[in-house]
Amino acid sequence: MNNADIKISFTGGVNEENVRAFINEIKNLIDKNPDSTALTVYISSPGGNVDIAVELFHFLKLLDCTIRTVNISCVNSAAIIIFAAGTERICLPCSSFYVHSITKNLNGNFTADDLLREAREMAANTDKVATILASISSKHKSYWKRLMRKGCLLTPQKAKELGLVNDISECK
């Protein structure tokens, strides 16, 4: 890593407030370090909102530098989408990844049409996540959908075998 590389942490839930603040922080760091050629994002997150995670994924992919994502503890649920933005994807030996079905909290009374609309949105988000994971890994979208349906905790070794991770690195 070059000393001019930008290093930043994303911890906590994937929600609109955290992601907006994170994007603004990256923009400020890039403005202060215009010669930087790489951004390292250290991630520890229980996950959260899939739509906002996809937004951050696309923001990171649009940056004109190498993106290095590092799982420093756990990258679960929607946070895997953020991790997937890295061209270099690294995890530590004791880190983990958790993939599962898209869920949604529903409060109140709903008609059958309301529930069908929510189910279609969940199916579309499942497809989005599986497409992103398939694009960076050695597995097809259908594999990721099956894994999401049953829920699966991935070790660093399994994540590397699947192509989610490029390297398992010791702490230095």
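The face of α1 turned away from its buried side carries Glu 17, Asp 31 and Lys 32, which are exposed. Exposed means over 50% relative accessible area, buried under 20%, and partly exposed in between (1.4 Å probe, protein chains only). This is a predicted model: local features need pLDDT of at least 70, side-chain atom pairs count only at pLDDT 80 or more, and totals for chains, interfaces and linings use all residues. Residues are numbered from 1 along each chain as its sequence is written, and side-chain values use heavy atoms, with hydrogens and water left out.

Val 19, Phe 22, Ile 23 and Ile 26 are the buried residues of α1. Seen down the axis of α1, they fall within an arc of 100 degrees, so they line one face of the helix. The arc is that of the directions from the helix axis to the C-beta atoms. These buried residues pack against β1 (6-11), β2 (38-45) and α2. Contact means heavy atoms within 4.5 Å. Helices (H or I, at least four residues) and strands (E, at least two) are DSSP runs, numbered from the N terminus.

The length of α1 fits its residue count. At 1.5 Å a residue, its 17 residues should span 24 Å, and the end C-alpha atoms are 24 Å apart, which agrees. The expected span is 1.5 Å times one less than the number of residues.

## How α1 meets α2

Helix α1 covers residues 16-32 and helix α2 covers residues 50-62. Their axes come within 10 Å and cross at roughly 10 degrees. Axes are lines fitted to C-alpha atoms, for helices over the stretch in contact, and angles run from 0 to 180 degrees between N-to-C directions. The two helices are therefore roughly parallel to each other. Angles under 35 degrees count as roughly parallel, over 145 as roughly antiparallel, 65 to 115 as roughly perpendicular and the rest as oblique.

From α1, the contact uses Glu 16, Val 19, Arg 20, Phe 22, Ile 23, Ile 26 and Lys 27. From α2, it uses Ile 52, Glu 55, Leu 56, Phe 59 and Leu 60. By class, the contact has eight nonpolar, no polar and four charged residues. Ala, Val, Leu, Ile, Met, Phe, Trp, Tyr, Cys and Pro count as nonpolar, Asp, Glu, Lys and Arg as charged, and the others, Gly among them, as polar.

Ile 82 sits in helix α3 (residues 79-83). At 0% relative accessibility, it counts as buried. Not counting residues up to four places away in sequence, Ile 82 touches Phe 10, Val 14, Ile 43, Ala 53, Leu 56, Leu 60 and Thr 69.

Ser 44 belongs to strand β2 and counts as buried at 18% relative accessibility. Leaving aside neighbours within four places in sequence, Ser 44 is in contact with Phe 10, Thr 11, Gly 12, Ile 72, Ser 73 and Cys 74. Asn 125 lies in helix α4 (residues 112-136). It is buried at 7% relative accessibility. Beyond residues up to four places away in sequence, Asn 125 touches Val 50, Asp 51 and Ile 102.

## Helix α5

Helix α5 (residues 141-150) has Tyr 143, Trp 144, Leu 147 and Met 148 as its buried residues. Seen down the axis of α5, they fall within an arc of 135 degrees, so they line one face of the helix. They pack against β5 (96-99), α4, β6 (152-154) and α6 (156-162).

The face of α5 turned away from its buried side carries the exposed residues Arg 149 and Lys 150. Gly 151 follows α5, with a positive phi near 75 degrees.
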